[in-house]
Every structure is written in C-alpha cells, then in structure tokens.
Amino acid sequence: MQVNTTRFGVIEIEQSELITFPWGIPGFEELKSYVLLEYKNGPFQWLQSIEEPSVAFVVCTPDFIGLEYRIPDAKTNLIKLSKKEDLLVLNIVSFNKEKGAMRFHVRSPLLFNAAERIGYQWTMEPDELKNQLVSPAGSPPDTV
C-alpha cells in the first residue's frame, strides 16, 4: 500500500507492517494506524501515522538513555501480549532546536506487541514511575 507523508513523501508499506493503536495516542485518539520507519541507521525511528500525513513521532528505545521499565501484566494484557519477547518499548522523543535540547518522554512509554502489531501508550502516575522505571543497575533512577 502507498502512504502519503509530509516528511518522507509517498512510501510503500506492507499491510503486515501496520501497528494498530486501538485507543489512539493521547492527543491523537482518532488516529489508529501507524508504521515504524527507520531513521538514518541510528537509535531513532519515526512512528508515522497512516491516516494523517503530517503526524509522525520520533521514538527511541529506553535503553538508549540507560532506562528499563518493569511493566505490570495489567498493561501488557491490554496489547494481548502472551510472550515477553514480543514486547517492544519505545519512548517519544522531542527536540528543541533553539535550545539544542532533547526531551525523552519517560512517563509515557509506548508498548507494542510485535507479534500482534498492537500498540498502547502507558501514561504513568508519579508513584508508578518510581516503581516501574529502573536503571540498568536495577535501582530507580535519581532523576528523570
């Protein structure tokens, strides 16, 4: 299928590459279908909306900044996860070109079931953050 995008022009994708967000992404609830696109062989990818050419999010794995999540079964059940190895966790990344700054959206990771091609954005409350987010050493990070 061909998909028109504002950043990449017209791209060709397979139906099997689509990721469905049954509830959308907060702020974009009406958009349900996305595709992950590689970006310059680096740590970042684009999560491109299929329905709206101008909507695409820069995403990255949490280990890029040394973080890991403990994800409760209640959250993975929402994406019908049956095998832990099918779980992919990504975070939306924002860039402020004027300040030369990058913001990693730690409190709201995207959870994907790679086998079922279903995604969900988990927005954590502050108390969840300290219980579910760990550094590679296994302890909660001091600052996030």
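Let's start at K40, which at 68% relative accessibility counts as exposed; exposed here means over 50% relative accessible area, buried under 20%, and partly exposed in between, with a 1.4 Å probe and protein chains only. Before I go on, a word on what you are looking at. This is a predicted model, where local features need pLDDT of at least 70 and side-chain atom pairs count only at pLDDT 80 or more, while totals for chains, interfaces and linings use all residues. Residues are numbered from 1 along each chain as its sequence is written, and side-chain values use heavy atoms, with hydrogens and water left out.

Back to K40, then. It lies in the loop between β4 and β5; helices (H or I, at least four residues) and strands (E, at least two) are DSSP runs numbered from the N terminus. Most residues other than glycine have a negative phi. K40 is not a glycine, yet its phi is positive, at about 50 degrees. N41 sits in the loop between β4 and β5 too, and its phi is near 55 degrees, again positive in a residue other than glycine. With 80% relative accessibility, N41 counts as exposed.

Now the strands around that turn. The hairpin of β4 and β5 has five residues between the strands. How many bridges join β4 to β5? Five, and the two strands run antiparallel; two strands pair if DSSP finds at least two bridges between them. Y34 has S49 in β5 as its bridge partner. On to β3, which pairs with β4 in the antiparallel sense over two bridges, and there T20 stands opposite S33 in β4.

The loop between β3 (19-20) and β4 (33-38) holds E30, which is exposed at a relative accessible area of 56%. E30 also belongs to a negative surface patch, together with E29, E51 and E52. For patches, residues need over 30% relative accessible area and no salt bridge; like charges are joined within 9 Å, and nonpolar side chains (Val, Leu, Ile, Met, Phe, Trp, Tyr) within 5 Å.

There is a nonpolar patch as well: F64, I65, F95 and M102 make one of about 370 Å². M102 is found in strand β9 (residues 101-104) and is partly exposed, with a relative accessible area of 40%.

Next, charge pairs. A salt bridge is a side-chain nitrogen of Lys or Arg within 4 Å of a carboxyl oxygen of Asp or Glu, and by this rule the count comes to one. Which side chains meet in it? Those of D73 and K84, at 3.5 Å, N to O. The pair links distant parts of the chain, 11 residues apart, with D73 in helix α1 (residues 73-77) and K84 in the loop between α1 and β8 (87-96). D73 is partly exposed at 48%, whereas K84, at 56%, counts as exposed.

Last stop, the other hairpin. β10 and β11 pair in the antiparallel sense over four bridges, and L110 has Q121 in β11 as its bridge partner. Four residues lie between these strands, and R117 in the turn has a positive phi of about 60 degrees. Is R117 buried or partly exposed? At 28% relative accessibility, it counts as partly exposed.

Thanks, everyone, and over to you.

Methods: Areas by Shrake-Rupley, 256 points an atom, 1.4 Å probe, with all protein chains shown as cover. Lys, Arg positive; Asp, Glu negative; His and termini not counted. Charge placed at Lys NZ, Arg CZ, Asp CG, Glu CD.
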